[in-house]
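Hi everyone, thanks for coming. Let's look at a pair of chains together and see what we can read from the way they meet.

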Amino acid sequence: MEITARALWTMIHGMGFGALYLLACSGALVELYRFTSSSPASPSTAAQQRFLKVYLIAMAVLAWAAVLTGAYVIYPWYRAAVPPGTVDLSQFPQRLLMSNPTTVGWHSLGMEWKEHVAWFAPLSITMAASVFIRYGRDLSNHKQLRTAVLGFVAASFLAAGIAGFFGAMIDKYAPVQGGNTIQLMQGEKP
Amino acid sequence: MNALQREIPSNPPALANGSGAAAILSAGIGSFTLAALAIAADRSSGIKSALIFYKPTGQLSGVTTLAILIWLVVWAILDFRWKKKTIALTKTNRIAFVLMILSFLLTFPPIADLF
């Protein structure tokens, strides 16, 4: 069982940072709502507040890690220029997608949208984390602030969802391949 | 009863809402700046080449770096000016959400290509 270095980076970017972020989003929405709208009769504890702070900071780190690895590690491999005379486009995902009318949309719509919309996720969740760190339990006394924070967390969920969906589909039709081969496990003989 | 308790805060806010308003509005401005820069880089070859900060990533490097810098600067300025103030959040929230919705729409290629 082996994997190329580029495929490993793509997996770290998409399944490691991106998918984990998406999974964390629903938890953040529920927990933020519950924490900031709970009745004064059952106030959240300091430990719960600390947990949510750490959770939101971890989400912000995941979101930034996803966009930075995407833009500066994987995207250059995706959009690499094809040397003249190259026939096999398997090492050039963008050109491979654009070479076929049935797949060109995954680049012209999918990647073109994904490469920009993905950045709304770290931006929004960083804002949400900073507001929660500053206000904490006091957010329950700022209804409009709370609504805006929840709205931006939902927007970051949507942005990450769009980026994740197109990332998965693009990698299905034109996977980023190449680099050193890493052997993960020795398989049994067939 | 619970609904009433949620609507009416039992305690006055300990902190002014200015810092939160600054963070929210700047997030909207940052997102919109990114979308506007992406369109500008797509339409003008001069802007496109000026925004290539890191060649392997192309103009995306400049679009995102500049948008993030503008977002952080706007955030710092608004926070400095508003942190001790109580801001009309209905208006700032509305502006921030409109900017965020526009950002999603303007980065969507069929709409971005209209410009």
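**Where the two chains meet**

Let's begin at the boundary: chain B and chain A have 12 residue pairs in polar contact between them, counting pairs with both residues at pLDDT 80 or more. That cut-off is there because this is a predicted model.

So which parts of chain B do the touching? On the side of chain B that touches chain A, the elements giving two or more residues are helix 1 (2–7), helix 2 (18–43), helix 4 (59–82), helix 5 (89–107) and helix 6 (109–112). Helix 2 of chain B provides the largest share, with 12 residues.

Now for the extent of the meeting. In total, 51 residues of chain B are in contact with 40 residues of chain A. Together the two chains bury about 3800 Å², and 71% of that is on carbon and sulfur atoms.

Let's step back and look at chain B by itself. Chain B has six helices and zero strands. Its C-alpha atoms fill a box of roughly 60 × 30 × 20 Å along the principal axes. The radius of gyration of chain B is 18 Å, while a compact globule of 115 residues would have one near 13 Å. Buried residues account for 43% of the 115 residues in chain B.

Technical notes. Residues numbered from 1 in each chain as written. Chains lettered and ligands numbered in written order. Predicted model: local features only at pLDDT ≥ 70, side-chain atom pairs only at ≥ 80, totals over all residues. Heavy atoms only, no water. Contact = heavy atoms within 4.5 Å. Buried area = accessible area lost by both parts, 1.4 Å probe. Polar contact = N/O pair within 3.5 Å; in protein donor to acceptor, adjacent residues only side chain to side chain. Helix = DSSP H or I, 4+ residues; strand = E, 2+ residues; numbered from the N terminus. Rg over C-alpha atoms; globule rule 2.2 N^0.38 Å. Buried < 20%, exposed > 50% of the residue type's maximum accessible area, 1.4 Å probe, protein only.
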